[in-house]
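Please keep the sequence and the structure in view while reading.

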Amino acid sequence: MLTGTRTLPLPWTSLYGLARTLVALGTAGTLTFSSAETLFRPVATLGPHPVCQGPGAASVFCFVPDASQTYTGLIWVKWLCVLVLLVVASGWRPRLTALPHAYVNFSVFTGIAIGDGGDQIGLILSVLLALPALGDRRHWHWQKTTEPDTGGRVRRGWAMAGITGLMVLRLQMSFLYFQAAVAKFPHTEWADGTAMWYWGTSLQFGPPPWLAPLVEWVVSIPLGVALMTWLPLATEMFLAAALLLPQRVRWGVLWAGLGFHLMIALIMGLWSFALAMAGGIVILCCPLGAHLTPRRRHTCAGEDMQDDTSASVSASDKPMERASATS
């Protein structure tokens, strides 16, 4: 690592930066589009939020005087957290924003009353992404890494910690999707292909009014409801097995997973969950050490190459996980 013969890719890439941005935007969306009265309302058996007991007492929301009685201080702290998350999403100074990102996600997970899963996975991913971010010396996490061939022991340690964090994140995502799929198998509704009828017509998690007629029509057709039920299961199993698949297959799994979570966001309104999971899928399915790069095309002979407006993922040319496929 960071020697003349490098056997592992460096973790500091624009692709891991994209994951940080997606996770931060998911949490920022929850705070931005939810009122303080919704975020910090009382919950049955738990009492008022934030719950400032045990580890949750370290939440930033618990430092607000009389937090359970007034919303003024909570509103100010909420917008301060949004500001921190937007700075993280911009990619500025990963080393300085790594721990604030994880702390804000911890505060949201332990402090709000409307958890949807996005707050929990956002906390886990922000902690794991903090490992590469703490060793990232770039001004922006979108920049390409320009590391020397040799580095000191401390630098090699940060590189190893960063790549370890990304590998653990991959394992976490694989286990998450495996558990999500296997947990559905014992339920008759998932086995017979009718589960999505209940979700598609649910008053709490059903589609928005503008999409409801289409979803209700699809789930009213036997083939339609069966496909809507079984395709998510197949997608989750492919995502769970992504690390065992060749890279050329992972590109398809990547887009299937992103499309799957986009549909969850559209139908169930779980946008913060979808963004957090999209960040995890990017790390899971793309090669370690890959960069987001402009896709170039050659023009007529004698003319310069022109940048296309689309983007591709260029894999590192390190010995481990060498790939040349584009997204």
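Is Cys 285 buried or exposed? In this predicted model, Cys 285 is buried, because its relative accessible area is 0%, a value under the 20% cut-off.

## The disulfide

A search of the whole structure finds 1 disulfide, and the bond is formed by Cys 52 and Cys 62, whose sulfur atoms lie 2.1 Å apart. The two cysteines are 10 residues apart, and both Cys 52 and Cys 62 sit in the loop between α2 (36–39) and α3 (72–90). The torsion about the S-S bond of Cys 52 and Cys 62 is about -100°, and the disulfide is therefore left-handed.

Cys 285 is in no disulfide, and the nearest cysteine sulfur to that of Cys 285 belongs to Cys 286, 6.8 Å away. Cys 286 is likewise in no disulfide, its nearest cysteine sulfur being that of Cys 285. Why does this pair not count as a disulfide? The separation of their sulfur atoms is 6.8 Å, and the pair is not counted because a disulfide requires sulfur atoms within 2.5 Å.

Cys 286 counts as buried, because its relative accessibility is 3%, and Cys 285, with a relative accessible area of 0%, is buried as well.

Technical notes:
Residues numbered from 1 in each chain as written. Predicted model: local features only at pLDDT ≥ 70, side-chain atom pairs only at ≥ 80, totals over all residues. Heavy atoms only, no water. Helix = DSSP H or I, 4+ residues; strand = E, 2+ residues; numbered from the N terminus. Buried < 20%, exposed > 50% of the residue type's maximum accessible area, 1.4 Å probe, protein only.
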